[in-house]
Amino acid sequence: MKKNLTHNSIILGKTIKWWLEESDFLGPFEKYIASRIVFNNFIKHKDRVMDLGCANGFLLYSLLQFHPSRFIPFGVDINHKRITWARRLLPEFSLNLFCQNIFSCEWYHNHFDVVIAPWDRTYGFPSIIKKYKDRYPLTKILFYLYDDDYTMFEKMENQIKEFFPKSLKLGEIQVEKLVKLVCIL
Ligand SMILES: C[S@@+](CC[C@H](N)C(=O)[O-])C[C@H]1O[C@@H](n2cnc3c(N)ncnc32)[C@H](O)[C@@H]1O
């Protein structure tokens, strides 16, 4: 069921702007939510969903709030502080949130129905994810980009399978220039 997400929340007695704490996203709260909700179109009930580079877990958290049913979230991040935040945000799934280097491949030996990851060449995620896809061909891979990386789209147009709406209405809020879903492998 949908919950009301507010700009601030109290976690462990502290009022925080949780979508900014230990996240690389810079922008208004509504944009963060709206730009990620599109992923839910690809997630089915009870799917095991891995967010690679999950940071503070807010991506998974947002999707769980708006998903029509339920899925099982998993996350990996190399940054211990970020995983600590993610475990606070998703306490019931804290055992699914791992502080790991994705290249250490521990996550790699498990099957996930959906893998979400940044299409970011500096991190080099696409290479290992393509190997994962060879291992588990039925897994859906959802790559995303932040909108300020927009110029990268032109460079890799032949690899883009699906473009997400340039804008989206979330309740009363019209959000423009969203983070895009780059491709679904
Ligand atoms: C662009 S942020 C993604 C944040 C979040 N998924 C979101 O959409 O807001 C990328 C994250 O990947 C993590 N990261 C970078 N290299 C990594 C690696 N080799 N293994 C695991 N996590 C890594 C960083 O610590 C960072 O939190």
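Among the elements of the protein chain, mean pLDDT is lowest for strand β1 (residues 9-11), at 45, and highest for strand β4 (residues 72-77), at 97. The model is predicted, and the pLDDT of the protein chain averages 76, with 59% of the residues scoring at least 70.

**Confidence**
- Residues 1-7 have a pLDDT below 50, and beyond near neighbours in sequence this stretch has 7 contacts in the model.
- The pLDDT is also below 50 over residues 9-16, a stretch with 10 contacts beyond near neighbours in sequence.
- Where pLDDT is low, predicted coordinates should not be read in detail.

**Overall architecture**
- The protein chain contains 5 helices and 10 strands.
- Of its 185 residues, 32% are buried.
- Among contacts in the protein chain with a separation of 6 or more, 64% join residues 24 or more positions apart.

**Nonpolar core**
- The largest nonpolar core comprises 34 residues, of which V115 and I116 touch the most other members.
- Two or more residues of this core come from each of β3 (48-52), α2 (58-66), β4, α3 (80-89), β6 (114-118), α4 (125-135) and β7 (140-145).
- Helix α2 supplies the largest share of this core, 6 residues.
- Apart from its neighbours within four places in sequence, V115 is in contact with M50, L52, I129, Y132, T139 and I141.
- In soluble globular proteins, nonpolar side chains tend to be buried together.

**Ligand surroundings**
- The ligand is surrounded by 18 residues, and the closest are G53, A55, I78, N79 and I102.
- This shell consists of 10 nonpolar, 4 polar and 4 charged residues.

How values were computed: Residues numbered from 1 in each chain as written. Predicted model: local features only at pLDDT ≥ 70, side-chain atom pairs only at ≥ 80, totals over all residues. Near = placed C-beta within 6 Å. Nonpolar A, V, L, I, M, F, W, Y, C, P; charged D, E, K, R; others polar. pLDDT = per-residue confidence, 0-100. Helix = DSSP H or I, 4+ residues; strand = E, 2+ residues; numbered from the N terminus. Contact = placed C-beta atoms within 7 Å. Buried ≥ 20, exposed ≤ 12 C-beta atoms within 10 Å, placed from the backbone. Core = buried A, V, L, I, M, F, W, Y, C linked by C-beta atoms within 7 Å.
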